[in-house]
Amino acid sequence: MSQISLTEQPNLQQFDLTKLTLPQLTLLKHQLDQEIPVFQDSLQTLKIAQSKFLESGSCLDKITPDTKGKEILVPLTGSMYVAGQMGETQTVLVDIGTGYFVEKNIEEAKTYFQNRVTYVSQQMQSIQQMGIEKSKIREATVEVMEMKLQAMNSKEVAERT
């Protein structure tokens with residue numbers, strides 16, 4: 001448990017935590033304590049993006065030729081809507097990021113959103129795995145720190161007697 005390396009990361013090297021000094025271990029633990037929440041925040045952001053892509057894809061199922069001309073609510077903000085009328089039902093404008101929109105037919109748009117969901121899911125899996133590895137390293141670091149502190153305390157007690 002005292003030897004740590006991230007799995008499947010060829011550019012990272014393995015090292016023995018027991019060879020580090022207590023200040024080095026403390027510094028490593030502090031660094032990991034700062035990194036782990038970043039992974040958690042990134043994962044949460046990706047979950048939100050994933051749910052928006054899923055929702056967008058499912059909304060496309062509601063656009064059919066029968067809906068042309070029907071009354072709809074058009075979102076202006078997340079909580080404000082205005083009445084509107086469904087116009088085009090063959091194509092949609094897809095927000096592809098940074099203010100760019102692309103006109104796609106319904107099937108192309110569904111494929112786009114499904115591809116985005118797949119990509120985001122892969123990124124989530126990767127970030128989750130890295131977060132788990134960082135947590136394992138942190139736990140091992142704390143264990144080694146505790147062992148070193150106990151050894152120091154035992155040595156002080158032995159010197160006193």
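Where in the protein chain is confidence lowest, and where is it highest?

1. **Confidence.** This is a predicted model, and confidence is lowest in strand β1 (residues 3-4), with a mean pLDDT of 49. Strand β6 (residues 100-105) sits at the other end, where confidence is highest, at 96. Over the protein chain the average pLDDT is 89, and 92% of the residues score at least 70. Please keep the value for β1 in mind when you look at that strand.

2. **Layout.** You will find 2 helices and 6 strands in the protein chain. Starting from the N terminus, their order is β-β-α-β-β-β-β-α. Helix α1 covers residues 22-60 and helix α2 covers residues 106-160, while strand β5 covers residues 91-97.

3. **Overall shape.** The radius of gyration of the protein chain is 26 Å, whereas a compact globule of 161 residues would have one near 15 Å. Along the principal axes, the C-alpha atoms fill a box of roughly 90 × 35 × 25 Å. Among contacts between residues at least 6 apart in sequence, 51% join residues at least 24 apart.

4. **Surface and burial.** Of the 161 residues, 24% count as buried. The accessible surface of the protein chain comes to about 11,700 Å², and carbon and sulfur atoms account for 55% of that area.

5. **The largest nonpolar core.** This core has 17 residues, and those with the most contacts inside it are L60, I63, V92, V94 and F113. Helix α1, strand β5 and helix α2 each supply at least two of its residues. Helix α2 gives the most, with 8 residues.

6. **A second core.** There is also a separate core of 8 residues. Its members include L17, L25, V144 and M145.

7. Not counting residues up to four places away in sequence, V92 touches L60, I63, V102, E103, K104, I106 and A109. L60 itself lies in helix α1. Is L60 buried or exposed? L60 counts as buried because its relative accessibility is 6%, under the 20% cut-off. Leaving aside neighbours within four places in sequence, L60 is in contact with V92, I106, A109, K110 and F113.

8. The C-alpha atoms of Q50 and L60 are separated by 16 Å, and the two residues are 10 apart along the chain. Which residues does Q50 contact, leaving aside its neighbours within four places in sequence? They are V117, V120, S121 and M124. Q50 has a relative accessibility of 19%, so Q50 counts as buried, the limit being under 20%.

9. **D16, a residue in a strand.** D16 is found in strand β2, which spans residues 15-16. Why does D16 count as buried? The reason is a relative accessibility of 19%, and the cut-off for buried is under 20%. The side chain of D16 also makes a polar contact of 2.7 Å with the side chain of T18.

Terms used: Residues numbered from 1 in each chain as written. Predicted model: local features only at pLDDT ≥ 70, side-chain atom pairs only at ≥ 80, totals over all residues. Heavy atoms only, no water. Core = buried A, V, L, I, M, F, W, Y, C linked by side-chain atoms within 4.5 Å. Buried < 20%, exposed > 50% of the residue type's maximum accessible area, 1.4 Å probe, protein only. Helix = DSSP H or I, 4+ residues; strand = E, 2+ residues; numbered from the N terminus. Contact = heavy atoms within 4.5 Å. pLDDT = per-residue confidence, 0-100. Polar contact = N/O pair within 3.5 Å; in protein donor to acceptor, adjacent residues only side chain to side chain. Rg over C-alpha atoms; globule rule 2.2 N^0.38 Å. Areas by Shrake-Rupley, 256 points an atom, 1.4 Å probe, with all protein chains shown as cover.
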